[in-house]
Amino acid sequence: MNATRTQDQALQARAWWREPMVWLMIGGPLVVVVASLVTAVIAARGADPVLNLQERGGVSERSAAPDAMTPALQARNHAATAKP
């Protein structure tokens with residue numbers, strides 16, 4: 001009779017929070033949400049400052065010294081073009 005009672009107790013449904021599979025299903029998306037919030041906070045606190053390219057009376061820094069940028073621009077354009 002004692003064995004029957006333990007089998008009946010084992011067959012009874014447990015509360016949903018006591019099932020390990022439920023925590024696996026809830027835990028995965030919850031970890032993703034927490035990680036995205038942490039990433040957003042890090043991005044907001046460590047954001048780079050916005051550069052004002054219209055300094056010096058409407059002349060941007062790039063156009064102020066075109067000779068100094070020419071080698072870098074040529075190298076960038078050469079690397080970006082497709083090879084025949």
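Read from the N terminus, the protein chain runs α-α-α-α-α, with 5 helices and 0 strands in total; helices are DSSP runs of H or I with at least four residues, strands are E runs of at least two, and numbering starts at the N terminus. This is a predicted model, where local features need pLDDT of at least 70, side-chain atom pairs need 80 or more, and totals for chains, interfaces and linings use all residues. Residues are numbered from 1 along each chain as its sequence is written, and side-chain values use heavy atoms, leaving out hydrogens and water.

**Surface**
- Buried residues (under 20% relative accessible area, with exposed over 50% and partly exposed in between, protein chains only) make up 1% of the 84 residues.
- The chain exposes about 8,000 Å², with carbon and sulfur atoms supplying 64% of it; areas come from the Shrake-Rupley method with a 1.4 Å probe.
- Trp16, Trp17, Trp23, Ile26, Leu30, Val34, Val38 and Ile42 form a nonpolar surface patch with about 850 Å² of accessible area together. Patch members have over 30% relative accessible area and no salt bridge, and nonpolar side chains are joined within 5 Å; a salt bridge is a Lys or Arg side-chain nitrogen within 4 Å of an Asp or Glu carboxyl oxygen.

**Helix α2**
- Leu30 of that patch is found in α2, residues 20-45.
- The end C-alpha atoms of α2 are 37 Å apart, which agrees with the 38 Å its 26 residues should span at 1.5 Å a residue, taken times one less than the number of residues.
- α2 bends by about 25° at Gly27, and Pro29 follows within four residues; the bend is the angle between axes fitted to the seven residues ending there and the seven starting there.

**Aromatic residues**
- Trp16, Trp17 and Trp23 form one aromatic cluster.
- Trp16 counts as exposed because its relative accessibility is 51%, whereas Trp17, at 47%, counts as partly exposed.

How values were computed. Patches are made of residues with over 30% relative accessible area and no salt bridge: like charges are joined within 9 Å, nonpolar side chains (Val, Leu, Ile, Met, Phe, Trp, Tyr) within 5 Å. Buried means under 20% relative accessible area, exposed over 50%, partly exposed in between (1.4 Å probe, protein chains only). Rings of Phe, Tyr and Trp (its six-membered ring) pair if their centres lie within 6.5 Å; planes under 30 degrees apart count as stacked, over 60 as edge-to-face and the rest as tilted.
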